[in-house]
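Please look over the sequence and the structure shown here.

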Amino acid sequence: MSAKRIQICADDFGFDDAVSQGILECIDAGRLSATSCMVLSSAWPTWAGALRERQGAADYGLHLDVNEFAPYAPGRGLSDWIRLSYLRQLPRGAVRGWIGSQLDAFEAQMKQAPSYVDGHQHVHQLPVIREELLSALTARYGQACALRSTRNQTWRGTKAAVIAGLGAAALRRGARRAGLRCNADFAGVYGFDEKISFAELVAGWLASLPDGGLMMTHPGRAGGTQTRPDPIRAARMRERQFWLSSEAGELLASLGVQLGMSEDWPQA
């Protein structure tokens, strides 16, 4: 079987201690090749040093946040951000400032630019936000920083299709014009349902992803949170348990999966 490079990326690094520690364990076990960082969390400065110590072990990206730890988030759910962005009622100057301050916060701790940018609950692809993000990335980094695309090349369920429909095509068009790289395909979306076997989901996702694809995951340890309530804690624990198992290593080997980086992604 020919090898294929798949980025396996853990979202939400810095959310709290339990999530950050769980992600580090999975990186150290050789199961992950990227993690996306929530730089507005109060836990981020505490845990950023652990990523600096692991330079080269994985890609480190910015998990753009407008609706979790951001001071402008309270009182607005994801549906509100979607509505405001599609009505183009988000103030461009403010959005530009939000993006710039988060890139600054990432650089301040990591002493480097992010390898890629994505968004918490995929907000990076929404109108106004995506346009200001593309402008900021090209102004600061030229063509060096990649962008996550939520486009699916095959059917992966209604939730995945809805997420992609909220802006994947437009984001990819903008990235193409800017000469940026995007992942070739995207998987990892599900309902965090404990009745579904995460191992079976991963097997299907990895089997269907092509070279240059991306699989999103959300591992984390058990324990309380010192930042914000975490509605998917149980799912994080199940995902961490799988990635640290021998089953995960055997699955990667059987499918010819090599842990890929964003540098493996093609031009959008």
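A residue is called buried when its relative accessible area is under 20%, exposed when it is over 50%, and partly exposed in between. The model itself is predicted. With a relative accessible area of 31%, R5 is therefore partly exposed. D211, at 35%, is partly exposed as well. The side chains of R5 and D211 meet in a salt bridge, with 2.6 Å from N to O. R5 belongs to strand β1, while D211 sits in the loop between α8 (198-208) and β7 (213-217), so the pair ties together parts that are 206 residues apart in sequence.

How many salt bridges does the structure hold? The number is 20. One of them joins R156 to D185, where the closest N and O atoms are 2.9 Å apart. R156 is in the loop between β5 (146-147) and α6, and D185 is in the loop between α7 (168-178) and β6 (186-187), so this pair ties together parts that are 29 residues apart in sequence. Are R156 and D185 buried or exposed? R156 has a relative accessible area of 14%, so R156 is buried. D185 has a value of 1%, so D185 is buried too.

A further salt bridge is formed by the side chains of D230 and R233, at 3.4 Å from N to O. Both D230 and R233 are buried. Salt bridges with shared partners join D230 and R233 with D12, D16 and R236 into one network.

R236 lies over the face of F15, 5.3 Å from the ring centre. A pair of aromatic rings is described by how far apart the centres are and by the angle between the planes. A search of the whole structure finds 12 aromatic pairs. In one of them, F15 and F69 are edge-to-face, with 5.3 Å from centre to centre and 70° between the planes. This pair links distant parts of the chain, 54 residues apart: F15 is in the loop between β1 and α1 (17-28), and F69 is in the loop between β3 (59-64) and α3. F15 and F69 are both buried.

Another pair consists of W81 and W98. Their ring centres are 5.7 Å apart and their planes stand at 80°, so this pair is edge-to-face. Helix α3 holds W81 and helix α4 (residues 92-110) holds W98, so the pair ties together parts that are 17 residues apart in sequence. W81 has 0% relative accessibility and therefore counts as buried. W98 has a relative accessible area of 14%, which means that W98 is buried. W81 has a charged neighbour as well: R76 lies over the face of its ring, at 4.9 Å from the ring centre. Elsewhere, one aromatic cluster is made up of Y190, F192, F198, W205, F242 and W243.

Next come the backbone angles. Most residues other than glycine have a negative phi. Which angle does Q121 have, although it is not a glycine? Q121 has a positive phi of about 55°. V128, also a residue other than glycine, has a positive phi near 70°. Q121 is found in the loop between β4 (116-119) and α5 (129-141), and V128 has its place in the loop between β4 and α5. As for accessibility, Q121 has a value of 41% and so counts as partly exposed. V128 has a value of 1% and so counts as buried.

The last stop is the largest pocket. Rolling a probe the size of a water molecule over the atoms shows where empty space is left. About 540 Å³ of space lies in the largest pocket. Of the 28 residues that line this pocket, the closest to its centre are H120, Q121, H122, K159 and F192. The elements that give two or more residues to the lining are β1 (4-13), α3 (78-86) and α6 (158-165). By class, the lining has 14 nonpolar, eight polar and six charged residues.

Technical notes:
Residues are numbered from 1 along each chain as its sequence is written. Side-chain values use heavy atoms; hydrogens and water are left out. On a 1 Å grid over the protein atoms alone, a cavity is a set of points where a 1.4 Å probe fits but cannot get out, and a pocket is an open set with protein on both sides within 12 Å along at least five of seven lines; lining residues have an atom within 4 Å of a point. Grid points are joined across faces, edges and corners, and a volume is the space filled by probe spheres set on the points. Helices (H or I, at least four residues) and strands (E, at least two) are DSSP runs, numbered from the N terminus. Ala, Val, Leu, Ile, Met, Phe, Trp, Tyr, Cys and Pro count as nonpolar, Asp, Glu, Lys and Arg as charged, and the others, Gly among them, as polar. Rings of Phe, Tyr and Trp (its six-membered ring) pair if their centres lie within 6.5 Å; planes under 30 degrees apart count as stacked, over 60 as edge-to-face and the rest as tilted. Buried means under 20% relative accessible area, exposed over 50%, partly exposed in between (1.4 Å probe, protein chains only). A charge sits over a ring if NZ of Lys or CZ of Arg is within 6 Å of the ring centre and within 35 degrees of the ring normal. A salt bridge is a side-chain nitrogen of Lys or Arg within 4 Å of a carboxyl oxygen of Asp or Glu.
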